[in-house]
Amino acid sequence: MSDAYLSMRDPRATDGDHGLIGTFRRGSELIILEGRGLSRTYRLGSVLVSALDNVDVRIERGELLILQGPSGSGKTTLINVLGLLDRADRGEVLLDGQPVSGMNEDERADTRRDRFGFVFQSFNLVPVLTALENVEYPMTLTSLSRTARRKRALETLNRVGLQGKEGVRPDLLSGGERQRVALARAVVNRPRIVFADEPTANLDSRTADGVLDLMAELRDDHDVAFVVATHDPRVASRGRRVVNLRDGRAFGEP
Amino acid sequence: MNIWLLALRNLLRNRRRSLLAGAVVMVGFASFALAGGFMAQSLEGLRDGTIRSGLGHLQFADPRGYEPGADTTLEHGLTDAAEIERILRADPAVLEVLPRIDFVGLVTSGDRSVPFLGTGLDPAPEARSMDLADTLGAGRWLQDREERGVVLGAGLAAALTVEVGDTVTLLATTTDGVLNAVDASVVAVAAIPIKELDDRYLATSLGLAANLLTAGDRVSRFVVVLHDVGDDRPALERLLRALDGHGFEITGKTWEELALFYRQVRMLYMGIFGFMGAVLVVVVLLATANVMLMAATERTREIGTLRALGTRPGRIRKMFVAEGVLLAAAACVAGALASLAVRTLLNHSGIVLPPPPGVTHGVPLHIKLYGVTYLAGGMTMTLTMMLAAYLPARRASRMSIVEALAHV
């Protein structure tokens, strides 16, 4: 796993120079996703709130990157922008070195489908679908045959330890089981990055540990990078690389 | 996950709401089907009444016979009527051929003289094919082609103060322009539904009319009754070709071309039905769009999730439209069953409606099973539901994913 910290900002940097330290310490072929000078401002009533302020970040293949910070620090906004759920006001997101700013909504949707997985704090499973169907859903957006989809969904559901729960609707699953289904759904399309926004916030500590262990295993299994936003120091302690965020700004590795 | 199965599950998610929306569509469909069936039945009744009032399915006359301004009686009449009748009868689609002589004159009784609009006709086939013989208020229908009897409109009989059995004198100008008169006995008084016609109506046998007018083997026109009204256009073309092949220069018209009143009533009905249909569509659209909007709003976060997972906005819209189509299909089937049940109930209720225009007696309520309205109703309701589902789906699919995911 990379120990390169790629988003620490050099205080001597000037405009137009993001002042990245050690950008190429590791081979650039390892970099999957890169955010350069990302800024995002929201309007809250009559007040403009800066959720991200000139943030640089890079994600390498198979790594676990922790975005740590208190509520309102910009973790979710950064995940949203990097995960192509939102657009930055300024700055650029590069996927495999290619800017994504020119993509239309359909292309962004296809990129999310093929390259990214998402895990949400509240699980966000589709209530009318069973556990198996929830896992299968992202594959229904691809050209995979029904048989192949079903087989892979079953395998993935088994991998997260939910054998026997295939036909159960989410409302009959425990919180930990739901998050396992969400994890299975996130990795089933073999993405390169899984974005997890406070994935353990709604779980008790024991269940949370189980989910974090599972994430680590899946990361190893699928060589998929995990970007985890958390304000929980216990979760952050699992990351080899941590980006601290405060008031929309990224700070050096702790 | 098949988009239709997902749509079905979403519909079943909130059954009460789906039932409510479905009930609106069902009532809309049933209303559409019943109103359409009633309209079709009314128009069919009016059509048959128009045809049986004397118009027939087809009419043949000299091309100038349809134009006003003849100088003398039967100036544009058809000569060699027997041969024309033979040609017309030879067609297998033809049920009856009714020769008619139209003429005007004065009818006199005692010191009263009243102008009349007369028709000379062949009584037996007229009685079989037309309604006039069934609408006599007093007396009997003419019995043979040469009978010296007349049937008078009730208004005309009243103006003359004559009754059945009295004798009247008919005065008219012959084909040579000479005034001629014949005596005839009043065999019946008929109640003609149109008052202006009732005050002038006179029917007599073809023989008496020919005798009065010295018409010989000449008639004004031929009225043709077909086995099936749907054959009118091809039969007309076929008969005109046959007549032309025998050297007759004759033109023909279908009942619909001649029935101005029917066409006006049909236009009126179509306008009323179209307006009612538009109101139904608006009501169904407003009611169901609100329900679909609620469904879309409740599922905002779910839509955000699906989009985050890579679902294109277009697929989100399709999912909602599929729900609309499924709901409309189920509701239309239920509406069809409901309308069939209501139709059966009404058709056996014995309700009698007031007489329609041109008819003297009330008609029993009968709602026709008119497939076109079921098809049109189904399509209209489905399109309405698709629109009702599309509008909120469009809004939902365009919403920012971040806002959708944050929706509570």
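**Cavities and an open sheet in the predicted model**

About 110 Å³ of space lies in the largest cavity. The structure is a predicted model, and a search of the whole of it finds 2 cavities of 30 Å³ or more. The largest cavity is lined by 13 residues, of which Asn10(B), Leu11(B), Arg17(B), Ser18(B) and Ala295(B) are the closest to its centre. Four elements of chain B each give two or more residues to this lining: α1 (3-13), α2 (15-55), α10 (260-298) and α12 (313-347). Sorted by class, the lining of the largest cavity consists of 6 nonpolar, 3 polar and 4 charged residues.

The second largest cavity holds about 60 Å³ of space. Its lining draws on both chains: chain A provides Arg112(A), Arg113(A), Phe116(A), Gly117(A), Phe118(A), Pro138(A), Arg185(A), Ala186(A) and Asn189(A), while chain B provides Ala308(B) and Leu309(B). The elements that contribute two or more residues here are α2 (105-115), β6 and α5 of chain A. Strand β6(A) gives the largest share, 3 residues. By class, the lining of the second largest cavity has 6 nonpolar, 2 polar and 3 charged residues.

Strand β6(A) also belongs to a sheet. This sheet is open and has 6 strands of chain A, in the order β6-β7-β8-β3-β9-β10, with mixed pairing. Its edge strands are β6 (116-119) and β10 (249-251) of chain A, each of which pairs on one side only. On average, and with direction ignored, neighbouring strands of the sheet are turned by 20 degrees against each other. Helix α5 (residues 175-187) of chain A packs on the sheet and touches β6, β7 (193-197) and β8 (225-230) of chain A. The direction of helix α5 makes about 170 degrees with that of β6(A).

Key
Residues are numbered from 1 along each chain as its sequence is written. Chains are lettered from A and ligands numbered from 1 in the order in which they are written. This is a predicted model: local features need pLDDT of at least 70, side-chain atom pairs count only at pLDDT 80 or more; totals for chains, interfaces and linings use all residues. Side-chain values use heavy atoms; hydrogens and water are left out. Two strands pair if DSSP finds at least two bridges between them. Axes are lines fitted to C-alpha atoms, for helices over the stretch in contact, and angles run from 0 to 180 degrees between N-to-C directions. Contact means heavy atoms within 4.5 Å. On a 1 Å grid over the protein atoms alone, a cavity is a set of points where a 1.4 Å probe fits but cannot get out, and a pocket is an open set with protein on both sides within 12 Å along at least five of seven lines; lining residues have an atom within 4 Å of a point. Grid points are joined across faces, edges and corners, and a volume is the space filled by probe spheres set on the points. Ala, Val, Leu, Ile, Met, Phe, Trp, Tyr, Cys and Pro count as nonpolar, Asp, Glu, Lys and Arg as charged, and the others, Gly among them, as polar.
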